[in-house]
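Me: I would like to go through some of the labels attached to this model, and to see each one set against its cut-off.

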Amino acid sequence: MLDQFDRAREMAELRLTGLGDDEYLWEPAPDCWSVRPRGLARTPCAFGPGEWLLDREVPDIPGSEYQEVARQAESGMSVEKIAQDWSVSVERVREVLRHTGPVEPDVAPLTTIAWRLGHLHVQFEGSWEWTFGERRRDPRLMVDFTPDAFLAVTRFWASVDRWRAAAENVTDEQLDTVGFSRYPYSSDADERYVDALWGVNLELIHHMAEIALLRDLWRTRR
């Protein structure tokens with residue numbers, strides 16, 4: 001998995017080379033999620049510790065994740081823990097578990113490169129803190145978002161490399177330990193670390209693929 005991660009990181013670093021501020025903040029369609037100055041955020045739950053915030057809607061369970069919620073319940077996870085995992089109410093989880101009809105397709109928000117990179121940065125900072133750190137800081141308050149593309153990319157790779165250096169030294173016993181990672185906005189606390197590690201790979205690969213697509217759209221936008 002670390003070999004896969006390293007290969008994905010190498011490809012991602014090449015695709016981020018030369019990213020400028022205008023491209024970083026470019027909105028390919030109206031109402032994109034992005035990083036915005038405090039007070040100008042367009043979403044009700046935008047977060048961040050500094051002057052720039054990362055857009056975020058009110059938490060919910062999208063239709064595409066109903067099966068995942070059912071899987072969590074079948075595996076023995078309590079309704080209360082599932083609600084905490086998704087940052088929703090217990091009643092919302094029970095509503096999803098009662099759902100038996102067809103699921104409407106999700107209409108996911110379009111995002112800027114700034115949003116995708118900021119989202120990933122939060123996850124790497126939080127994954128390090130809640131696996132190898134003190135396990136106390138809120139990941140959403142650990143990244144100082146910025147409109148400066150070069151600064152954002154530099155900070156991001158520093159965070160990724162710190163996590164990677166720590167992950168390389170995980171023992172076989174720790175890989176099999178349930179709850180070795182306790183990242184609060186995930187099911188890590190109920191999984192072996194080897195499964196959480198796989199999840200980190202997936203996050204890097206799919207969000208970097210989205211960023212690469214946005215770069216291609218920017219290049220051909222005219």
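Me: Why is C32 called buried?

Reply: This is a predicted model, in which local features need pLDDT of at least 70 and side-chain atom pairs count only at pLDDT 80 or more, while totals for chains, interfaces and linings use all residues. Residues are numbered from 1 along each chain as its sequence is written, and side-chain values use heavy atoms, with hydrogens and water left out. Buried means under 20% relative accessible area, exposed means over 50%, and partly exposed lies in between (1.4 Å probe, protein chains only). C32 has a relative accessible area of 2%, so the residue is buried.

Me: How do you know that C32 is in no disulfide?

Reply: A disulfide is a pair of cysteine sulfur atoms within 2.5 Å. The nearest cysteine sulfur to that of C32 belongs to C45 and is 19 Å away, and C32 is in no disulfide. C45 is likewise in no disulfide, its nearest cysteine sulfur being that of C32, and the structure holds zero disulfides.

Me: What makes C45 partly exposed?

Reply: C45 has a relative accessibility of 24%, and therefore counts as partly exposed.

Me: Why is the contact between D60 and R92 called a salt bridge?

Reply: The term requires a side-chain nitrogen of Lys or Arg within 4 Å of a carboxyl oxygen of Asp or Glu. For D60 and R92 the closest N and O atoms are 2.7 Å apart, and the pair forms a salt bridge. This pair links distant parts of the chain, with D60 in the loop between β2 and α3 (66–74) and R92 in helix α5 (residues 90–98), 32 residues apart. Here helices (H or I, at least four residues) and strands (E, at least two) are DSSP runs, numbered from the N terminus.

Me: What makes D216 and R219 a salt bridge, and where do the two residues lie?

Reply: Their side chains meet at 3.4 Å, N to O, in a salt bridge. Both residues lie in helix α9 (residues 193–219), three residues apart, which is about one turn of the helix. D216 is partly exposed because its relative accessible area is 28%, while R219, at 62% relative accessibility, counts as exposed.

Me: How many salt bridges does the structure hold?

Reply: The structure holds 22 salt bridges.
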